[in-house]
Amino acid sequence: MSERDHGTLFTTHRINDVENLVIPMRNGLCSQKYKPVDYKHLYKLAAVEKMASAKIQLKIKKTEQASKINKEQMLLKQHRQVWWQEHKRLSENRQKAEAEIKTFLDEESHKHNFFLDMRDFDHKLSKERDTYQTNTVVPIWQLKENLKFRLSEMQRYLSEESCLKSWINPVEMLQQIKFVKKQQKAILEFLILESLALERELEDYKKKALAHSFEEKNGLCLEVPSALLSLECPYPDLKTLVINEYRKLASGYWSKLQEIDQQLKVLYRNIEWKEEDQWVFHTVINQYPSDLQRRRTLYLDVLQRYLPHKSRHDLVVHEKAWDRYHFIRNQRRVLMLNWAQARKTFLLKAVATVAEASAAHETEVVLANTRQKQQEICADLKAKVLHWKAQQEEAAELEAAVAARRKEKEDEKERLQKEQEIIRRAQEKEKVKKYWAEKRLKWQEQEEKDLRRLEELRKLMAEQAVKDKERVKFRQALLEKRLLEKKHLALKEAHEEKEKEKCLEALRQQVAVAAKLDPARVVADTVASKARMGIGTNEEFDLQKPLFKLHTYSEQQIISDPRLRVELALREAGLHKTLYAKEILPKIPPLKLPRRDMESTAFKM
């Protein structure tokens, strides 16, 4: 709302107030409807409200301050946890490194004088460290303890001013503290200068080492390795081709490495931070592990504390640049690893290719030498073959004459063998005829025996049929008899049930409550005592009779089980504990096979 609008609004309110004041003027000044305004009371109310609003505002500020303090404490607590873990890790790494260095120096000092000098230098440094601690740290702790003691004494004797003035001299204490501060300041300045000199010296060594390593890497990337140059290849063109392929591969990787190094240089050149600020930034980020919750919030908070001259925007921009730099560094490392792997693979393939070429060349040389030897051998063999052919022709003629004579002898021998074969076959035919005659006699005798046996079997089967008919009749009669017995048994059970009910009813009547008011009954005999003496008993009851019948297997049903009979037979023979008994008993089926739904499958899995 503009100033013009405010003026219009106030003018409108004033006009309305004037119009409202007209009404009491018309009604008269002595009207009872309006009272005079008590401005003092209104001022008091306004002051009270102002005080209440000030208190509320103060409470809000205190709450904000408390929440800010709590938030700060929570951040500091998380920072302490991270710092403690980092301190623990660095302490362990330091102890491990010192132990490894000490072990290495102890082992190598016996072999080389350089390591012996390093060991002596280590002892010298440890002595200087102990001397520094004795000369600087111990006096400070002693002064601290002395001040604590004097402060406690001052609190104890606070009322005794004269004693304190005579015993404690504050001027002397302040001079002592200033002297210690001056001494510590000089020592720290000396140590800082020495540490800066050492850092510069280490930085120079680092630059030289990096330059040397960069030159070595350049040489390793671009120079042809001695392993390729020293290969003994029978084909110069193949060796030249392998070296050219290596140079192509190396130039490709070298160009990629140059691009990445150029990107790193550009990024490093664009970073306008001091080296000390960069070191603080990298150290703080590396302290917080990547799997930590709220990691970015924590390390940005710490960076704002360590680098108060840098804004949050500068920190975020540097963080992005550092992430980019770190990413490119990782790319460079991966590229170097890939180059080492590719170089190793190329060298192995080159050695294998040269070995194959050498083997092929040796094979060709061997084949050429073998071909020449074969030609010489062929010439010798041709002369020998011609000589051998003449000998073979002469031998063939002699062999033909000998073969003709042998053929005449073999023909005569064959004719004699045919005559002997005819005689032998005639004799064998006679033997075969005799054999078949004997065979026929045996067949007739066997057939007669079989017929007699068949007749006997028929008679036995007829007798068995008669017996089976009698058995069937006997079984039918036995079945009818069993059915009658079952009916008689059912009737008997029904009769016994009735008798049982009668007995129970009699017992109920005996124990029924039928007592009346009879004083003479107290001294009279009871029914039980009369029953024991046999007085007044007309009916006898079989009270020992069981109330229920037992339904179980009979002796005949148990003995009819084939498993029990086989087990009894084996037991009588003394074979029930043998392996045969253990093997055969589980295989014997019961008299009545169990139902399929009642069969257990627990032991078949």
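Select E567 and R571 to begin: their side chains make a polar contact at 2.6 Å, a term for a pair of N or O atoms within 3.5 Å in which, within protein, one must be able to donate a hydrogen and the other to accept it, with residues adjacent in sequence counting only if both atoms are side-chain atoms. This is a predicted model, in which local features need pLDDT of at least 70 and side-chain atom pairs count only at pLDDT 80 or more, while totals for chains, interfaces and linings use all residues. Residues are numbered from 1 along each chain as its sequence is written, and side-chain values use heavy atoms, with hydrogens and water left out.

Staying with E567, note that this residue lies in helix α14; helices are DSSP runs (H or I, at least four residues) numbered from the N terminus. E567 has a relative accessibility of 18% and therefore counts as buried, given that buried means under 20% relative accessible area, exposed over 50% and partly exposed in between (1.4 Å probe, protein chains only).

Next, colour the model by pLDDT, the predictor's confidence in each residue, from 0 to 100. The protein averages 78, and 85% of the residues score at least 70. Among its elements, helix α14 (residues 562-573) has the highest mean pLDDT, 90, whereas helix α1 (residues 3-27) has the lowest, 45. Over residues 1-19 the pLDDT is below 50, and this stretch has one contact in the model beyond near neighbours in sequence; residues 162-166 are also below 50, with three such contacts.

Now turn to the aromatic rings. Rings of Phe, Tyr and Trp (its six-membered ring) pair if their centres lie within 6.5 Å, with planes under 30 degrees apart counting as stacked, over 60 as edge-to-face and the rest as tilted; by this rule there are five aromatic pairs. Select Y253 and W339, whose ring centres are 5.3 Å apart with planes at 50°, so that the pair is tilted. Because Y253 lies in helix α7 (residues 236-270) and W339 in helix α10 (residues 312-510), the pair ties together parts that are 86 residues apart in sequence. Y253 is buried at 18% relative accessible area, as is W339 at 5%.

Widen the view to Y246 and F346, which ring pairs link with Y253 and W339 into a cluster.

Note on methods. Helices (H or I, at least four residues) and strands (E, at least two) are DSSP runs, numbered from the N terminus. Contact means heavy atoms within 4.5 Å.
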